[in-house]
Amino acid sequence: MKSVSAIILLGLFSILPRLDAAPPNVLLITADDLRPELGCYGSVAKTPNLDAIAARGTTFTKAYCQQAVCNPSRSSMLTGLRPGTLGLYVNGTHFRELKPDVTTLPLWFKEHGYTTRCSGKLFHNWHTKEKGDARSWSAPEFLHYANHGEDTPQISGPLPENHAKFSEGLRKYGSVGMCESYDVPDKAYYDGRVAAEAVRIIHELKNGPFFLAVGFWKPHAPFNAPKKYWDLYDRAQIPALNPARPAHAPEIAFHQSTEILGPPDQQKQPTPEQIAEMRHGYFAGISYVDAQVGKVIAALKEHGLLDNTVIVFWGDHGYHLGEHGLWAKTSNFELDARVPFIIAPPQTKQRGVQTAALAEMLDIFPTLNALCDLPAAPGLEGTSLVPVLDDPSAIVKRGAFTQHPRPAYADRTPSKQPTAMGYSVRTANWRYTEWRNWQTGAIEARELYDHTSDQPELDNVIAKPPDQAALGEAEKLLRSQFPLKK
């Protein structure tokens, strides 16, 4: 019979990590302009591969970006710093112009023994002087610096028929029709080639440890996934659009939807058929991304790496498809701020669970540090989500914060400065937003949405708050993060 002390020692050793265990690899996957339209979120979107990742880990149903536009969101997540700390609110400025020596997430892993690689769009690219972030990677980035409007189908021979018929009256997105449905292979477009390169890199680095970032360009406009992904959907089954604006919402909360509709003086409102086709194309793009994700995961399985790889899937921000009368991003509404977010560690107490714990994209950096047993990087503004991975009912923060300037693309104005900034906090049940004058800090407008009864955010109840205590808590949270000017 074993002694009590022996039993205690055996139990102790069973919970300690093996000293000879290989460090886990990291697969960080992102999609561009993807709101939580995945099967695992209850959407009609057909996403079996992403749903399979969700079945291996934890899906965060209340995860939020820090700003709903590519460059600020990605720069914030990858540095672990809020847009205000970086001083970065626009697409045209590279974060290293403002913080030359900041340490990024992949650079931190590189400095701690990992081979770091990137296939596709991770850092924002073609708007900025610096291309990507070469110092973060162990080898040059692949297809990271390009333009969505130049993602034309690359095939041999003549281009087949475009089966997207209704969008011919819409403006082009760069060199590409707003909606295109060609019967072409996956690798005709960026994302098919991004996936192929990621598969090649996994084969090259199979002896690890590696940190591989795979950045897919879809479902960002133009809506031009290969035809077979359009064919997955009966257009009549895609949820119908409710274009209603929130009642009592201030005008500053909205924008001009220029990314899709074009300059305001040239805009033509899309017809119902064109709206339905763009929404269809968006879902086709989601399934196209999902199929590419499947190829990358299959490569992990082929080389026996799945059980020693931390997989993180995240979206850089959400998206409007005509809801609230808006197209694309650049607001503080829930549809823009909320993102899909899944973490699947190789060893976890919980598999296939969902959590309503609030999470921010800032939290990815410290969470990966903890999961891979790396030292904490200095100055990070996020919080490790490991307690939530252990217990989905755990709470690590009371609010998730998003902000966005007005004008939406302030760097495209003569002053290149905002005139106002919207600061928003999402609590468990509420979204509270303050629009403040950029120069004086004076509050110009406020919004309050009750997510217990108004998930689509169709009624700004700030004039008659149904729960004064909840409003007070939200105000306190917001102003602790974004103090009022004195």
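Figure 1. Just after α10, the phi of glycine 304 is about 65°, a positive value. The model shown here, as in every view below, is predicted. Helix α10 itself covers residues 272-302. Its end C-alpha atoms lie 45 Å apart. That agrees with expectation, because 31 residues at 1.5 Å a residue should span 45 Å. Most of α10 is covered, with 24 of its 31 residues buried.

**Figure 2. Helix α10 packs on the sheet.** The helix touches three strands: β1 (25-32), β5 and β6. Its direction makes about 160° with that of β5. An α-helix has 3.6 residues a turn, so residues three or four places apart point the same way.

**Figure 3. Seven strands make an open sheet.** Read across the sheet, the order is β4-β5-β1-β6-β9-β2-β10. The pairing is mixed. Two strands form the edges, β4 (115-120) and β10 (353-355), and each of them pairs on one side only. From one strand to the next, the twist averages 15°. Strands of a sheet pair through backbone hydrogen bonds, in either a parallel or an antiparallel sense.

Figure 4. Strand β5 takes in residues 210-219. It runs parallel to β4, and six bridges join the two. Which residue of β5 stands opposite glycine 120? Glycine 215 does.

Figure 5. Residues 48-56 form α2.

Figure 6. Most peptide bonds are trans. Glycine 208 and proline 209, however, are joined by a cis bond, with omega at about -5°. Proline 209 sits in the loop between α7 (190-204) and β5. The bond from alanine 221 to proline 222 is cis as well, with omega near 5°. Where is proline 222 placed? It is in the loop between β5 and α8 (227-230).

**Figure 7. Histidine 324 and alanine 328 have positive phi values.** Most residues other than glycine have a negative phi. Histidine 324 is not a glycine, yet its phi is positive, at about 60°. This histidine belongs to the loop between β7 (320-321) and β8 (327-328). Is histidine 324 buried or exposed? Its relative accessible area is 2%, under the 20% cut-off, so histidine 324 is buried. Alanine 328 also has a positive phi, near 75°. Alanine 328 is found within strand β8. At 2% relative accessibility, alanine 328 counts as buried.

**Figure 8. A hairpin joins β13 to β14.** Strand β13 (residues 420-426) pairs with β14 in the antiparallel sense. Seven bridges hold this pairing. Three residues link the two strands in the hairpin. Strand β14 (residues 430-437) is mostly covered: seven of its eight residues are buried.

**Figure 9. A further hairpin joins β14 to β15.** Strand β15 (residues 443-450) runs antiparallel to β14, and seven bridges join them. Tryptophan 435 has alanine 445, in β15, as its bridge partner. Five residues lie between the two strands of this hairpin. In the turn, glycine 441 has a positive phi of about 80°. In a regular strand the side chains alternate between the two faces of the sheet.

**Figure 10. The whole protein chain sets the close-ups in context.** The secondary structure comes to 14 helices and 15 strands. Along its principal axes, the C-alpha trace spans about 80 × 65 × 45 Å. How does the radius of gyration fit the number of residues? A compact globule of 486 residues would have a radius near 23 Å, and the chain has 22 Å, which agrees. Of the 486 residues, 58% count as buried. The accessible surface comes to about 19600 Å², and 55% of it belongs to carbon and sulfur atoms. Among contacts between residues at least 6 apart in sequence, 72% join residues at least 24 apart.

How values were computed: Residues are numbered from 1 along each chain as its sequence is written. This is a predicted model: local features need pLDDT of at least 70, side-chain atom pairs count only at pLDDT 80 or more; totals for chains, interfaces and linings use all residues. Side-chain values use heavy atoms; hydrogens and water are left out. Two strands pair if DSSP finds at least two bridges between them. Helices (H or I, at least four residues) and strands (E, at least two) are DSSP runs, numbered from the N terminus. Axes are lines fitted to C-alpha atoms, for helices over the stretch in contact, and angles run from 0 to 180 degrees between N-to-C directions. Contact means heavy atoms within 4.5 Å. The expected span of a helix is 1.5 Å times one less than its number of residues. Buried means under 20% relative accessible area, exposed over 50%, partly exposed in between (1.4 Å probe, protein chains only). The radius of gyration is taken over C-alpha atoms; the globule rule is 2.2 Å times the number of residues to the power 0.38. Accessible areas come from the Shrake-Rupley method with a 1.4 Å probe; for residues, only the protein chains shown count as cover.
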